[in-house]
Amino acid sequence: MIVTGKNGQLGSELLDIHMSYPGYKFVFLDRNQLDLAKPEQFEAIFEQYKPAFFINAGAYTAVDKAETEKELAMAVNGIAPGKIATLCREYGAKLIHISTDYVFDGNGTAPYMPDQATHPLNYYGQTKLKGEESALAHNPGTIIIRTAWVYSAYGHNFVKTMLRLMSERPSINVVGDQYGAPTYARDLALAIMDIIGKGAAHQGIYHFSNEGKISWYDFARAIRDLAGLTCAVNEITTADFPTPAKRPAYSVLDKGSLIRDYGIQPRDWQVALKECLGYLQRLA
Ligand SMILES: NC(=O)c1ccc[n+]([C@@H]2O[C@H](COP(=O)([O-])OP(=O)(O)OC[C@H]3O[C@@H](n4cnc5c(N)ncnc54)[C@H](OP(=O)(O)O)[C@@H]3O)[C@@H](O)[C@H]2O)c1
């Protein structure tokens, strides 16, 4: 089993749990071993490892930077998945590719279904949508898992940024008019292994996040309270905090098909957050 993005949040979580799956041989690849912007490198990897599963956890994830670094973002997120999907078909490997809630425009008011119309607001979202489409076009057996608001004890994310800022400053401002559901990357890693363990028999697009619907402001306050910090958290609007890339105002994902097809029931966001914070405290 090949895993790209070895040093990312999801890659690190998969690396952490992989010893619990002794039935599989894992090969974790970082950017130096497999550059997703260099498709000419791909076939040699398939030839060398002949994987049964390919988890594409690597991606260009700098959402704001993607507005200007368009070519690289498209190469990694839009073009590479199609090429990997083709090779997976040729070599008989099952591709599990990770995508994003940012394929939606956020005008919805009910959780987004996997087959609902997409309309990305930013270039990152466009590249990820292109990656989904090309992977499925080249290999209809692909499993795409869209996720959202990912955090982990590893890598860079909102939770770790909040913990740092809250311990440095008396108060911080956080956007309160964007709603979604966070995803503990550990839970996503476990869900992926669960899908594989169940034979990865169902294909197409699935959604995974933890359960709930909150704003970034709600998330920040929960992080503060669970971490026992005292920093004041002020609610601001998206208009108060302009960013190069627009974000959807609402991007809660409906996970019903994952529950139905694979029996995977994500846990509540607070329970997962508490576990991650406890883990971070033990690491400190
Ligand atoms: N983070 C979120 O909030 C979020 C939300 C929705 C969906 N997702 C999706 O979830 C998946 C996992 O995201 P994550 O949060 O784990 O991302 P992450 O922590 O940013 O990790 C991404 C990984 O991809 C690697 N990478 C970037 N460019 C590469 C290239 N050209 N060749 C090879 N590797 C490359 C990075 O390598 P380096 O370590 O060398 O930089 C990093 O290890 C991605 O598909 C992402 O689009 C994430």
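This is a predicted model: local features need pLDDT of at least 70, side-chain atom pairs count only at pLDDT 80 or more; totals for chains, interfaces and linings use all residues.
A search of the whole structure finds 18 aromatic pairs, and ring pairs join seven named residues, Trp149, Tyr151, Phe158, Tyr184, Trp216, Phe219 and Trp269, into a cluster.

**Ligand surroundings**

- The ligand is surrounded by 25 residues, and the closest are Arg31, Leu36, Thr61, Tyr124 and Lys128.
- Threonine 61 places a polar side-chain atom 2.6 Å from an oxygen atom of the ligand.
- At alanine 59, a backbone N or O atom lies 3.1 Å from an oxygen atom of the ligand.
- Two or more residues of the shell come from each of the elements α1 (9–17), β4 (94–100) and α4 (123–138).
- The element that gives the most to the shell is β4, with 3 residues.
- By residue class, the shell divides into 12 nonpolar, 9 polar and 4 charged residues.

**Aromatic pairs**

- Among the 18 aromatic pairs found in the whole structure, tyrosine 102 and tyrosine 124 form an edge-to-face pair, with 6.1 Å centre to centre and 90° between the planes.
- This pair links distant parts of the chain, 22 residues apart: tyrosine 102 is in the loop between β4 and α4, and tyrosine 124 is in helix α4.
- Both tyrosine 102 and tyrosine 124 are buried.
- The ring centres of phenylalanine 158 and tryptophan 216 are 4.7 Å apart and their planes meet at 50°, so this pair is tilted.
- Because phenylalanine 158 lies in helix α5 (residues 158–168) and tryptophan 216 in helix α7 (residues 216–227), the pair ties together parts that are 58 residues apart in sequence.
- Tryptophan 216 has a relative accessible area of 14% and is therefore buried.

**Charges over rings**

- Lysine 213 lies over the face of tyrosine 179, at 4.7 Å from the ring centre.
- Arginine 186 lies over the face of tyrosine 279, at 5.9 Å from the ring centre.

- The buried residues of α1 are Gln9, Leu10, Gly11, Ser12, Glu13, Leu14 and Ile17.
- The side chain of aspartate 16 makes a polar contact (2.7 Å) with the side chain of arginine 186.
- Arginine 186 is located in helix α6 (residues 185–197).
- The relative accessibility of arginine 186 is 16%, so the residue counts as buried.

**Residues with a positive phi**

- Most residues other than glycine have a negative phi.
- Lysine 50, although not a glycine, has a positive phi of about 40°.
- Lysine 50 lies in the loop between α2 (42–49) and β3 (53–56), and at 53% relative accessibility this residue counts as exposed.
- Tryptophan 149 is likewise not a glycine and has a positive phi of about 45°.
- The loop between β5 (143–147) and β6 (150–151) holds tryptophan 149, which is buried, with a relative accessible area of 8%.

Terms used. Residues are numbered from 1 along each chain as its sequence is written. Side-chain values use heavy atoms; hydrogens and water are left out. A residue is near a molecule or strand if one of its heavy atoms lies within 4 Å of it. A polar contact is a pair of N or O atoms within 3.5 Å; within protein, one must be able to donate a hydrogen and the other to accept it, and residues adjacent in sequence count only if both atoms are side-chain atoms. Helices (H or I, at least four residues) and strands (E, at least two) are DSSP runs, numbered from the N terminus. Ala, Val, Leu, Ile, Met, Phe, Trp, Tyr, Cys and Pro count as nonpolar, Asp, Glu, Lys and Arg as charged, and the others, Gly among them, as polar. Rings of Phe, Tyr and Trp (its six-membered ring) pair if their centres lie within 6.5 Å; planes under 30 degrees apart count as stacked, over 60 as edge-to-face and the rest as tilted. Buried means under 20% relative accessible area, exposed over 50%, partly exposed in between (1.4 Å probe, protein chains only). A charge sits over a ring if NZ of Lys or CZ of Arg is within 6 Å of the ring centre and within 35 degrees of the ring normal.
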